[in-house]
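Dear colleague,

Please find below the structure that I am handing over to you, with its sequence. My notes on what was found in it follow directly after it.

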Amino acid sequence: MNAPYAKVYVIDGKGHLLGRLASVVAKLLLNGQKVVVVRCEEMNVSGSFFRNKIKLQNYLRKRCLSNPRRGPFHFRAPSRIFYRALRGMIPHKTSRGEAAIGRLKVFEGVPPPYDKMKRMVIPRALRAINLKPGRKFTTLGRMSTEVGWKYQDVVANLEKKRKVRSQAFYERKKAIANIRAKAIGAKEAELAPIKEQLVQFGY
């Protein structure tokens, strides 16, 4: 992915296919870019819920027979499931891969300060573009809840509050923009001679 450098990429995970998004984010991280992925619980996985649940339960059975505390560790949270998928696309045991993983942050919901930052989508990873209409898919949050993630209701409540705050901010921003446009229109005649002078000076 030929992406321009930015201080940080804040990606909204809603409606993205897990594997496709993970591959794009892995490349960004290896190129030295900081990436934050929010709303991981709204990510999608292609295939029916029943099929994906069986695959996930099959993975959860895998453990060290002599001492299960040694691993593998099965994270239940959607953000950690995404993290695990992404980790497999990065040489995480090398210093380069370790540094790349360190540039990644993953969250359920949209916590501060990312709720006030512009979020982006990755078109090549969107389910609506990449999955044929009519195909079955499931949501990562639902799968996680089925295998022991306990915070779906907490995240949903926090998201509801965030959306109310976001709507209030947008209405206020729109009102200020209208007032500014009216003020500029009212003073247009007074500013005309000044603009003519500025044009003469090349502005």
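Lys187 forms a salt bridge with Glu190, the closest N and O atoms being 3.5 Å apart, where a salt bridge is taken as a side-chain nitrogen of Lys or Arg within 4 Å of a carboxyl oxygen of Asp or Glu. Please keep in mind that this is a predicted model, in which local features need pLDDT of at least 70 and side-chain atom pairs count only at pLDDT 80 or more, while totals for chains, interfaces and linings use all residues. Residues are numbered from 1 along each chain as its sequence is written, and side-chain values use heavy atoms, with hydrogens and water left out.

Of the two partners, Lys187 counts as partly exposed at 43% relative accessibility, whereas Glu190 counts as exposed at 51%; here buried means under 20% relative accessible area, exposed over 50%, and partly exposed in between, with a 1.4 Å probe and protein chains only. A further salt bridge joins the side chains of Lys195 and Glu188, at 2.9 Å from N to O, and both of its residues are partly exposed, Lys195 at 40% and Glu188 at 36%.

Helix α8 covers residues 188–200, helices being DSSP runs of H or I with at least four residues, numbered from the N terminus. The 13 residues of α8 reach 18 Å from the first C-alpha to the last, close to the 18 Å expected, the expected span being 1.5 Å times one less than the number of residues. Even so, α8 bends by about 25 degrees at Ile194, the bend being the angle between axes fitted to the seven residues ending there and the seven starting there. Ile194 is itself partly exposed, with a relative accessible area of 44%, and together with Leu191, Leu198, Phe201 and Tyr203 it forms a nonpolar surface patch of about 580 Å² of accessible area. Such patches are made of residues with over 30% relative accessible area and no salt bridge, nonpolar side chains (Val, Leu, Ile, Met, Phe, Trp, Tyr) being joined within 5 Å and like charges within 9 Å; the areas come from the Shrake-Rupley method with a 1.4 Å probe, and for residues only the protein chains shown count as cover. After α8 comes Gly202, whose phi is positive, near 90 degrees.

The whole structure holds seven salt bridges, and one of them has a buried setting: the side chains of Arg162 and Glu159 meet at 2.9 Å, N to O, and both residues are buried. Because they are three residues apart in helix α7, Arg162 and Glu159 are separated by about one helical turn. Arg162, with a relative accessible area of 7%, also touches Arg39, Val110, Asp115 and Arg119, not counting residues up to four places away in sequence, contact meaning heavy atoms within 4.5 Å.

Two other regions may be of interest to you. Just after α1, Gly32 takes a positive phi of about 95 degrees. Gly71, in the loop between α2 (49–60) and α3 (78–87), counts as buried at 7% relative accessibility and touches Arg63 and Cys64, again leaving out residues up to four places away in sequence.

How values were computed
Helix = DSSP H or I, 4+ residues; strand = E, 2+ residues; numbered from the N terminus.
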